[in-house]
Structure formats: structure tokens, C-alpha cells
There are 2 protein chains.
Amino acid sequence: MVPRNAFYAQSGGVTAVINATAGALIEAARAHPDRIGKVYAGRNGIIGALTEDLIDTSLEPAENIAALRHTPAGAFGSCRYKLKGLETHRAQYERLIEVFRAHDIGYFFYNGGGDSADTCLKISQLSATMGYPIQAIHVPKTVDNDLPLTDCCPGFGSVAKYVAVSMREAGLDVASMAETSTKVFVLEVMGRHAGWIAAACGLAAEGEGDAPHILLLPEVPFDEAAFLARVRDCVERHGYCAIAVSEGLRNPQGELMAETGARDAFGHAQLGGIGPMIAGLVKNKLDYKYHWAVADYLQRAARHIASRTDLEQAVAVGRAAVELALAGKNAVMASIVRLSDQPYRWEIGEADLHQVANVEKKMPPEFITADGFGITAAARAYLAPLIEGEDYPPYRNGLPQYVRLRNVAVAKKLPPFDL
Amino acid sequence: MVPRNAFYAQSGGVTAVINATAGALIEAARAHPDRIGKVYAGRNGIIGALTEDLIDTSLEPAENIAALRHTPAGAFGSCRYKLKGLETHRAQYERLIEVFRAHDIGYFFYNGGGDSADTCLKISQLSATMGYPIQAIHVPKTVDNDLPLTDCCPGFGSVAKYVAVSMREAGLDVASMAETSTKVFVLEVMGRHAGWIAAACGLAAEGEGDAPHILLLPEVPFDEAAFLARVRDCVERHGYCAIAVSEGLRNPQGELMAETGARDAFGHAQLGGIGPMIAGLVKNKLDYKYHWAVADYLQRAARHIASRTDLEQAVAVGRAAVELALAGKNAVMASIVRLSDQPYRWEIGEADLHQVANVEKKMPPEFITADGFGITAAARAYLAPLIEGEDYPPYRNGLPQYVRLRNVAVAKKLPPFDL
């Protein structure tokens with residue numbers, strides 16, 4: 001079989017371990033020169049394919065590819081760009097095929113979340129609908145942990161560890177200050193529609209009275225009276241109250257409480273600011289001195305405190321994607337299958353992309369305590385293994401040494417294309 | 001010489017390494033039973049002395065005291081409480097002497113920043129002014145790094161490392177997203193009057209174009225036009241712009257910008273935070289998509305990424321405080337004396353508390369670039385050694401294992417006292 005080249009791209013919000021997936025995928029592809037030629041990375045995701053802006057990863061030294069394992073964010077650039085429907089935007093698909101054909105691309109690896117799974121599914125259909133032979137494999141990644149048909153999503157375990165560690169640390173801080181100063185601390189975390197990250201904050205509490213005391217999840221409509229009563233009770237009993245709030249918290253009418261009016265390229269509301277909003281509510285209604293933090297990108301880029309479990313899974317899905325491609329698969333996602341909670345055992349599986357694209361996995365009701373403010377033992381059994389283990393990057397001069405790739409462009413063969 | 005007991009307390013905002021100082025001080029005191037009896041810790045700082053709420057650290061197992069080395073925040077509770085003048089509030093000082101006499105306290109160790117140095121100085125004068133023999137030793141601690149007569153302040157190196165690491169990581173994230181999404185990232189850090197922490201963010205940039213691109217320091221009045229021009233230039237040249245802003249940023253009138261009653265785009269009062277304010281300005285004036293983070297307590301509690309240098313200095317000042325006491329000193333602070341930049345060599349010194357109390361050390365002009373938006377080579381030479389080295393805490397179940405002390409109260413001998 002004559003080897004064909006592969007296209008790999010990163011899509012959507014990046015994570016602490018998406019580059020580990022990239023590195024593992026590239027290394028796995030390099031191990032099969034008889035089947036896979038070069039791996040071309042799309043500069044800035046699928047946009048790199050549309051604009052024929054391809055990066056020749058074969059020009060990257062092996063040590064740089066290996067260093068992707070400990071480098072956060074998207075080494076090739078990511079994008080927020082969703083392909084439109086084939087019926088309405090046929091020119092876009094014709095362009096993709098032109099680019100793929102010009103560079104003899106037979107494998108399409110797309111590393112992303114739910115929206116990206118949709119893009120990957122559309123590409124997977126090019127063989128059938130437009131006669132261009134290609135295999136499209138989705139490689140899961142999202143800090144939101146909201147993909148179906150996989151135990152978890154690479155990227156989530158590390159952000160979960162970061163927020164749990166941060167909450168434990170900040171909780172000790174507030175406890176120290178509470179007698180004469182700050183009594184309420186609010187940490188805003190990511191999670192647009194699903195409360196997985198806020199739930200992970202809950203892992204920081206191991207004993208009675210430990211921070212965090214209240215979790216505000218998107219799955220539970222915000223009940224102001226019940227919340228304020230709980231804050232007051234907590235301050236009276238423990239001297240302080242630590243709260244984790246998901247950016248996607250909704251009011252009883254189902255509206256995003258932090259909605260700013262701005263929307264991103266996917267049409268999603270741009271969020272941010274629910275943390276100070278909740279802190280202000282506590283101040284206005286209960287007059288407790290407060291502090292708030294918004295972790296924002298710090299949480300998803302925090303490779304310095306990545307979960308070893310997450311890292312191992314990120315590497316495994318990268319390798320598995322290549323194996324699925326070599327096995328002739330199309331329109332599938334490499335998935336993680338949980339075999340047991342304790343000890344946590346897992347293996348790689350595969351999921352049908354039709355059942356993945358555009359489906360959001362929220363926290364199941366049995367993971368949320370009856371009062372809506374906490375996580376159950378079942379949630380802990382699910383979440384705890386995902387933050388297990390550390391995997392520190394190398395340091396020089398007190399700072400982690402993250403690789404910057406050369407990212408040499410492949411010579412263009414086609415005329416420009418307007419997005 | 002009959003041994004006398006010691007009083008130790010933590011004051012002001014806590015840090016990632018103040019407990020390391022506490023542990024070292026207690027261990028050093030335990031090594032001199034002929035001179036120092038028990039170490040009583042004040043519960044919630046000096047308030048514990050006033051209310052006779054003392055903790056008997058001799059009842060704490062050695063392994064708990066040792067674990068303070070890797071435990072952030074204030075294990076005995078801290079306070080924001082400044083003693084009033086002796087002339088106007090004599091009753092308070094009489095009460096302190098009553099408590100000290102009741103528990104035979106001959107050594108007073110106060111672990112804090114500038115305000116605490118003032119309290120410590122007042123205590124040091126009790127021998128002369130009120131005839132109660134006591135030695136008061138100040139033990140430096142503050143993330144703000146604004147104490148004079150010491151090379152740096154324990155607590156600062158770790159927050160400096162945290163913000164530099166976080167900025168490096170978030171910078172890679174923004175760079176990945178910039179093509180189709182976020183172009184400007186703002187990280188708000190602590191530092192009400194001095195820009196040391198924001199300056200430390202600058203260590204993350206090692207090469208041309210690296211994040212952060214702009215530092216906004218309290219020492220430099222905010223120049224909106226120059227700032228916006230720099231942001232635009234940065235986005236045009238590098239594709240994105242990463243900004244660190246100090247909470248203490250001031251406008252040209254000298255007012256704290258976070259307290260100027262700014263309103264958001266919808267006319268709502270901004271709920272605090274110069275970070276979101278700067279991000280909003282960029283959005284309104286340049287229409288770049290932005291993200292912002294406010295690290296708040298996360299930065300000063302982040303023992304998981306503490307600086308080893310900072311930790312060693314925190315331990316050293318704790319030990320030195322006991323040695324100063326044993327040498328018969330009073331009204332002094334254990335200080336850090338820099339001997340060389342590279343390699344960084346330092347030793348313990350002592351500073352006269354009269355010259356420490358209520359003096360704030362700001363960034364010197366030669367540490368700030370001419371444009372006001374960056375740090376000079378001199379600043380780097382000063383800052384870089386302070387973040388050198390890692391010292392990871394032990395983990396269990398994916399989380400750092402921080403100690404919670406027993407904090408057994410000493411039996412009270414006196415009637416209550418109203419603060």
C-alpha cells in the first residue's frame with residue numbers, strides 16, 4: 001500500500017495536555033512510514049486546511065515532538081471555526097478536497113470537543129458524498145468533559161486537579177483570615193453548560209467543614225434564598241465559606257447569569273464575571289467581607305500541575321487515533337472506557353462519531369447532592385481517579401521549559417481561498 | 001537562666017511559606033529548652049494575645065510541626081489588626097502585659113509585613129515604657145515584597161513564581177487561540193502599592209514576543225492612550241497581547257483605578273477588579289476579543305508551585321528569629337542580605353525595627369523600562385533568583401497533603417477582655 005499523508009489539527013479551547021496527544025499521534029504515525037507519509041498539522045485548526053496553511057511536522061526534531069508531552073496549549077494554533085452544512089457551503093468542502101488532494105492527505109485527525117466532532121463527522125462523509133477517499137478520526141479533548149461515549153475527556157483531569165488544588169489552598173487562606181477579615185471566598189471556574197469543573201473543586205474537601213462548602217453548578221438553577229441561607233449557616237458554623245461557581249450558572253428562568261451579550265464564533269455567549277457577581281450578592285445581602293478569583297485560562301493551561309492520569313489518557317488517545325486509522329476506520333472517536341473505579345483501570349475504545357457530534361454530557365442527577373450545592377459519593381468515585389498523580393514539566397531558571405515548535409510551512413500548491 | 005516562654009503569631013495576609021517560618025521557629029525553640037520554655041501561638045495573630053487565646057504548640061507532634069514546611073496559609077490563624085498608640089490605648093498594652101506575665105512570656109515573635117512590624121516595635125518598647133521585660137523580634141513575611149532593609153520578603157518569591165508560571169502558561173493559551181478568538185489576555189495580580197508581583201510576571205518572557213507584553217505597575221500612572229497604542233501594536237506584530245496588571249494601578253490623578261466607581265458597558269457598577277476593567281477598555285476602544293483572570297488568593301496560597309529559594313529563606317528567618325532572641329536582641333527583624341546575583345548567594349542579617357515599621361519599599365525607577373510597560377535587565381537580575389527551584393508538597397489521592405494542626409488552647413488564667 002502506498003503511504004498517504006495525514007492531516008492533524010487542534011480545535012476549540014486548548015488544554016494542558018492537548019499537545020501531549022499531538023506528540024503521541026505524530027510519534028505513532030512516524031512509526032508506520034509504510035502506511036503514513038508525513039503528518040501535516042493545520043495552522044490554527046481547520047482554517048489551516050482551508051487556507052492551505054500546513055505545517056510539516058516531519059521537519060520538527062524528535063526532541064521537540066517529545067517535549068510536546070509537557071507543553072500546554074496548542075502548539076500548532078487552534079481555532080473556533082465550525083464548518084457549515086455541506087448543502088449550503090459546498091465550496092468550502094470542495095476546497096478542502098482540493099487541499100487534501102494537492103497534499104495527498106488520506107487521514108484526517110481532529111483533536112477537539114463537541115463542535116469539532118461535528119466538523120470531523122462532516123469530513124468523514126467526504127468519501128461517500130464527494131468521492132474523495134479519506135478516513136476521519138476524532139481525537140477527544142475538552143476541559144468541559146462534556147463529550148458522550150467516553151469515560152472522560154483528556155484535558156479535563158488536569159483542569160480538575162488544578163481547581164481542586166487551588167480551592168484547597170485558597171480555602172486554607174480564607175480560614176486563616178476569617179477572624180478579622182475575609183469570610184467568603186468565591187472561585188469562578190469554567191464549564192459552559194456542564195458542571196464538571198465546579199464539581200471537581202469539591203474534591204478538595206475531604207473532611208467535615210473543609211473548603212469548598214458550596215458548589216454552584218449549571219445543572220442546578222440558582223436559588224438565591226437557599227444559597228444565602230447556606231452561606232450564612234456556613235460562616236456561623238465554620239467561620240468562613242468557600243464557594244466554587246461555574247461560569248455557566250443559570251437563573252430559575254434558565255438564563256445564563258453572567259451573559260455579557262457578546263458571542264463567540266460558534267454563537268455561544270461569551271461568559272465571565274459570575275464570580276464577582278456572586279461575591280457582590282453575598283456582600284450586599286449578608287455584608288460579609290469577600291474575595292473572589294477568576295481562574296480563566298490559568299486553569300486550562302496549568303501544565304505545571306497536570307494530572308498524570310489525564311496525561312496518560314491524552315497520550316493514549318493520540319496513539320489510538322493512529323491505530324484506528326491503520327485499521328481502516330472512519331467517522332470514529334478514540335474513547336476512554338472505565339473498567340473500575342478503585343483502582344482506576346481504563347482502556348481505549350472507539351465511539352461512533354454520529355453519536356458524539358453535538359451531544360453534551362452533563363452531570364447526572366445522582367452526582368449532585370439533594371440540596372444542589374454539593375457532590376455525592378458517586379461523583380467522587382467518578383472524579384477522584386481523574387486527578388490522580390503528578391507529572392511535572394522540566395524547569396530552568398525557576399520556570400517550566402515549554403517547547404516552541406519551528407512550525408515550518410509546507411509550500412502552497414493552490415491559489416488562495418477566502419474563508 | 002530560667003527558661004521563659006515564647007509567643008509567636010502570624011499577621012496580615014498569609015502566604016505559601018509563612019507556616020514554613022513558623023515550623024522552623026518552633027523547631028529552633030524546641031532545641032533550646034534551657035532558654036525557651038513553650039512556644040505559645042496566638043490564635044488569629046495579636047488578637048490571640050489580647051484575648052488570652054493561646055495555642056500550646058508543645059502539644060503538637062513533631063511531624064505536624066515538620067509538615068508546616070509544606071503547608072500554605074496561616075496554621076494558627078492570622079489577623080488584620082494594628083495596635084493603637086500607647087498614649088491613647090494604654091489599657092490594651094496593660095492587657096498584653098497581663099497576659100504575657102500570666103504565661104511567663106519573655107519572647108515575642110511577630111511574623112508579618114509593614115503594619116505588623118509597627119505592632120512588633122510597640123511591643124518591643126514595653127520593657128522600657130512599662131517595665132515588663134520582653135524581647136520582640138520581627139519575622140518578615142509579605143507577598144507584597146515591600147519591606148525595607150531586606151533583600152526580599154519570604155512569601156514573595158513563591159507568589160512571583162506562581163504568577164510567572166501562570167503567565168507563561170496562559171500566554172501560550174492565548175497565542176493558540178488568537179487567530180479566530182481571544183487576542184488580549186489580562187491577568188490581575190496583587191500589589192496594592194508596589195509593583196513587585198506584576199513585575200515578576202515579566203520573568204515569563206524570555207524571548208522577543210513572549211508573553212507578557214505589557215506590565216501595568218502602581219509605580220507608573222496609567223496612560224490610556226499609550227497603553228492602547230501598545231496593545232494594538234502588539235496584536236498587529238505578534239497576533240495577541242498578554243497583560244499583567246497590578247491591583248494597585250493608579251490613574252494620572254493618583255487614584256486607585258479599581259476604586260474609581262467604573263461602570264461596565266451596561267451601566268452596572270463594576271464589582272471590583274482592575275483586570276476586568278482593563279479588559280473592558282481594550283474591548284471598547286479596540287474591539288479585540290479578550291479574556292481576563294484574577295488570581296486573588298490563588299497566587300499567595302499556591303504552595304504547590306512554591307519557590308525553593310523562597311522556602312529556604314522562610315525557614316532561615318524562622319530559625320534566625322530564635323537566634324536573635326537567644327542573643328538578647330530586641331526591636332530587630334531577621335533580614336535577608338544578598339551577597340551576589342548569579343549565583344544567588346544570601347545570608348541572614350538583622351535590621352533595626354525602627355527603620356522597618358511603616359516604610360514601604362516600591363520598585364526603584366531603574367527596574368522599570370523607559371516606556372513604563374516593562375522591567376529592565378536590572379529588575380530581572382534582582383527577581384530571577386527569587387523564583388529559582390521547586391519544592392513540591394506530598395500528594396495523596398491527587399491532592400497536596402497539607403497539615404491541620406490540633407491547635408490545643410492553653411487554659412486561660414485571666415478574665416475576658418473586650419477588643
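Predicted model: local features only at pLDDT ≥ 70, side-chain atom pairs only at ≥ 80, totals over all residues.
**View 1. The surface buried between the domains of chain A.** Between domain 1 of chain A and domain 2 of chain A an area of about 1,500 Å² is buried, and carbon and sulfur atoms give 55% of that area.

**View 2. Polar links between the domains of chain A.** One salt bridge is counted between domain 1 of chain A and domain 2 of chain A. The side chains of R303(A) and D391(A) meet in a salt bridge, with an N to O distance of 2.9 Å. The count of residue pairs in polar contact between the two domains of chain A, with both residues at pLDDT 80 or more, is nine.

**View 3. The interface of chain B and chain A.** Here 72 residues of chain B are in contact with 73 residues of chain A. The area buried between chain B and chain A is about 5,900 Å², with 59% of it given by carbon and sulfur atoms.

**View 4. Salt bridges and polar contacts between the chains.** Four salt bridges are found across the interface of chain B and chain A. The side chains of D173(B) and R300(A) also form a salt bridge, at 2.7 Å from N to O. Between chain B and chain A, 27 residue pairs are in polar contact, counting pairs in which both residues have pLDDT 80 or more.

**View 5. Elements of chain B that touch chain A.** On the side of chain B that touches chain A, at least two residues each are supplied by the helices α7 (156–177) and α11 (297–301) and by the strands β6 (184–189), β9 (290–294), β12 (395–396) and β13 (399–400) of chain B. The largest share of this side, 13 residues, comes from α7(B). By class, the residues of the side of chain B that touches chain A divide into 36 nonpolar, 20 polar and 16 charged.

Conventions:
Residues numbered from 1 in each chain as written. Chains lettered and ligands numbered in written order. Heavy atoms only, no water. Buried area = accessible area lost by both parts, 1.4 Å probe. Polar contact = N/O pair within 3.5 Å; in protein donor to acceptor, adjacent residues only side chain to side chain. Contact = heavy atoms within 4.5 Å. Helix = DSSP H or I, 4+ residues; strand = E, 2+ residues; numbered from the N terminus. Nonpolar A, V, L, I, M, F, W, Y, C, P; charged D, E, K, R; others polar.
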